[in-house]
Amino acid sequence: MIATRIRRVPALYIVVALAIGSAAGAAAQDATVTFVDGGVDIRTEAGVVRRADFGSGVNGGDRIITDRRGEAELDLAAGGTVRVAPDTVFIVSGTPSGQTQSRVAAAVGSFSFRFRAAAGNEPRVGSTTSVAGVRGTELVVYVASDGTTRYEVIEGRVEIDSDGRTVALGPNDGVEVRPGRRPGQVFSFLERPIDYAVWNSGLIDEFLSSPVDSIRGLAAEMHALIDEVERRAPQSDAMSEEARRARVRLDEIREKDGDDAAEKHFTDVLTPLRIAARAEFVSFRFVVLSALSLDQYILSRLAAEIEAAYFFDPDASVLREFRAVLNDVRARYERIVVPRLVPSDV
Amino acid sequence: MKPRMIAIAAVAVLISACATVPPSTRDDRVADVIGLLADAPIPSVVEQASLPFLFTDQVVSSESDLTAVLTRFRSAAVTIDPVPGASTPAPGAPSGSRFDVAVFYDRLPDDARFVRVETGAGPLTIIVGGSRNRRPLLMGILRGAQ
């Protein structure tokens with residue numbers, strides 16, 4: 001074996017983005033932890049992992065990770081309460097600003113969401129492979145280890161778009177969405193209650209019965225996320241760079257024109273740029289984290305399961321086909337998403 | 001110096017030497033871990049494992065995922081010989097590794113080792129390192145002899 005070094009990430013991008021993040025983020029948190037039980041960690045956008053506690057602040061781009069006995073409740077600054085169930089990886093996006101709409105999603109596991117602010121400002125809710133628009137809603141979202149997302153609406157209305165089909169749900173309605181497929185039939189979830197572990201295990205068994213079809217659906221979802229990272233990266237980079245230049249200009253103005261002119265530049269130019277760049281960065285980071293989480297918690301898990309099932313038969317044709325699809329999408333992920341990550345993200 | 005003092009000093013040196021020998025380099029401790037992998041209840045194996053865990057070339061990140069993967073591995077596996085085979089210091093990540101795999105190798109402790117394990121269907125390699133309950137942690141399972 002030959003030792004290899006971890007590829008260097010574009011350090012300037014990360015440093016500038018985090019500087020903007022910490023500057024603007026210090027002013028307001030995007031969520032606050034209001035309840036904790038068991039093991040709950042917050043993995044911050046800077047890659048630091050800290051134990052969640054009552055009153056802990058959570059910023060857009062952070063992930064809440066609960067262990068098998070951990071649970072947490074968050075108050076979102078955008079309005080709404082989220083209860084994160086055990087064994088869940090939950091991603092927080094920022095407070096809506098300008099063109100950005102806040103989003104809440106689980107990479108795997110489950111959470112319940114209750115919106116309690118003024119209508120019209122609801123976040124998008126879902127998983128890394130499915131997203132729903134909500135209106136005055138209380139709902140529960142389950143995300144299985146194969147990426148299947150199940151929505152159960154308790155109050156209000158939910159609309160889910162997937163693969164060209166829109167499904168509308170009302171109170172007591174439920175639906176399951178498989179990765180890369182249209183939403184299934186709407187059903188009354190009260191008549192089909194689930195135990196998450198049993199449901200998840202059944203879906204993994206189904207995956208193993210047709211792994212190549214399943215990985216194709218997941219690859220399509222990952223390609224869509226990579227497309228979004230590719231499309232939004234220039235805008236996010238440009239806004240970060242603009243804020244950085246405005247900060248450099250602040251020193252130049254202070255030197256040349258004095259404190260009053262610098263104060264005016266700070267208030268009129270630098271602060272709005274920082275806020276806008278922060279909102280763009282957090283929104284973009286949510287997409288990057290979604291791709292990372294899809295790889296880390298869904299693709300890797302499924303790949304490990306099938307590698308385990310065929311551990312002593314590594315040349316099985318089904319395993320070869322599975323790897324071909326997975327390696328293809330991962331090659332693109334490594335090229336486009338990974339340069340946006342730092343080692344402490346994983 | 002009295003013979004009794006010399007004996008006490010020798011025992012003290014021996015004890016301190018044992019305390020600084022990493023469990024991953026001690027065959028008896030590694031054999032304990034292989035024994036767990038062979039036939040202990042899966043929760044006991046997970047208890048002695050570390051996260052993230054490398055399974056073939058996939059990085060498993062959560063306890064529940066590792067439980068599922070080891071359960072699947074156990075159902076596919078054949079008899080595992082509990083006697084450790086050749087052991088070497090863990091190398092760096094293979095050339096061309098993905099990001100998550102490279103990070104995994106980068107974080108391995110200094111005492112991490114690759115240990116060859118014989119099974120009824122051919123060899124496999126386990127990665128052991130660190131320590132818990134005086135035994136090395138199980139950090140990964142790789143196909144074949146590495």
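Visitor: In this predicted model, which residue in the turn of the hairpin formed by E2(A) and E3(A) has a positive phi?
Guide: In this predicted model, strand E2 (residues 40-43) of chain A and strand E3 (residues 49-51) of chain A pair in the antiparallel sense over 3 bridges, and Arg43(A) stands opposite Val49(A) in that pairing. The hairpin they form has 5 residues between the strands, and the turn residue with a positive phi, of about 90 degrees, is Gly47(A).

Visitor: Which residue of E5(A) stands opposite Ile42(A)?
Guide: E2(A) also pairs with strand E5 (residues 63-66) of chain A, in the antiparallel sense and over 4 bridges. Within E5(A), the residue that stands opposite Ile42(A) is Ile64(A).

Visitor: Where is Asn172(A), a residue other than glycine with a positive phi, found?
Guide: The phi of Asn172(A) is near 75 degrees, a positive value in a residue other than glycine. As for its place in the chain, Asn172(A) is found in the loop between strand E13 (165-169) and strand E14 (173-177) of chain A.

Visitor: How many residues does the hairpin that joins E10(A) to E11(A) pass through?
Guide: Strand E10 (124-127) of chain A is joined to strand E11 (residues 131-143) of chain A by 3 bridges, and the two run antiparallel. In this pairing Val125(A) stands opposite Ala132(A). The hairpin between E10(A) and E11(A) passes through 3 residues.

Visitor: What is the bridge partner of Ala105(A) in E10(A)?
Guide: E10(A) also pairs with strand E9 (residues 103-114) of chain A, here in the parallel sense and over 4 bridges. Across that pairing, the bridge partner of Ala105(A) is Gly126(A).

Visitor: Which element gives the most to the lining of the second largest pocket?
Guide: The second largest pocket has a volume of about 400 Å³, and of the 17 residues that line it, the closest to its centre are Arg103(A), Val131(A), Ala224(A), Leu225(A) and Glu228(A). Two or more residues each come from strand E10 (124-127), strand E12 (149-162), helix H3 (211-257) and helix H4 (259-309) of chain A. The element that gives the most, with 4 residues, is H3(A).

Visitor: Why does the second largest pocket lie between domain 1 and domain 2 of chain A?
Guide: By class, the lining of this pocket has 4 nonpolar, 7 polar and 6 charged residues. The pocket lies between the two domains because its lining takes residues from both domain 1 (30-193) and domain 2 (212-345) of chain A.

Visitor: Which are the edge strands of the open sheet of 6 strands in chain B?
Guide: The order of this sheet is E2-E1-E6-E5-E4-E3 and its pairing is mixed, while neighbouring strands are turned by 25 degrees against each other on average, direction ignored. At one end, E3(B) is joined to strand E4 (residues 113-119) of chain B by 3 bridges in an antiparallel pairing, with Val115(B) as the bridge partner of Ser87(B). The strands that pair on one side only are strand E2 (58-60) and strand E3 (87-89) of chain B.

Visitor: At about what angle does helix H4 of chain B run to E1(B)?
Guide: Helix H2 (residues 27-39) of chain B lies across E4, strand E5 (122-132) and strand E6 (135-143) of chain B, running at about 55 degrees to E6(B). Helix H4 (residues 63-76) of chain B lies across strand E1 (49-55), E2, E5 and E6 of chain B, and its angle to E1(B) is about 55 degrees.

Visitor: Is the peptide bond from Leu51(B) to Pro52(B) cis or trans?
Guide: Pro52(B) lies in strand E1 of chain B. The omega of the bond from Leu51(B) to Pro52(B) is near -5 degrees, and the bond is cis.

Key:
Residues are numbered from 1 along each chain as its sequence is written. Chains are lettered from A and ligands numbered from 1 in the order in which they are written. This is a predicted model: local features need pLDDT of at least 70, side-chain atom pairs count only at pLDDT 80 or more; totals for chains, interfaces and linings use all residues. Side-chain values use heavy atoms; hydrogens and water are left out. On a 1 Å grid over the protein atoms alone, a cavity is a set of points where a 1.4 Å probe fits but cannot get out, and a pocket is an open set with protein on both sides within 12 Å along at least five of seven lines; lining residues have an atom within 4 Å of a point. Grid points are joined across faces, edges and corners, and a volume is the space filled by probe spheres set on the points. Ala, Val, Leu, Ile, Met, Phe, Trp, Tyr, Cys and Pro count as nonpolar, Asp, Glu, Lys and Arg as charged, and the others, Gly among them, as polar. Domain bounds come from an automatic or database domain assignment. Two strands pair if DSSP finds at least two bridges between them. Axes are lines fitted to C-alpha atoms, for helices over the stretch in contact, and angles run from 0 to 180 degrees between N-to-C directions. Contact means heavy atoms within 4.5 Å.
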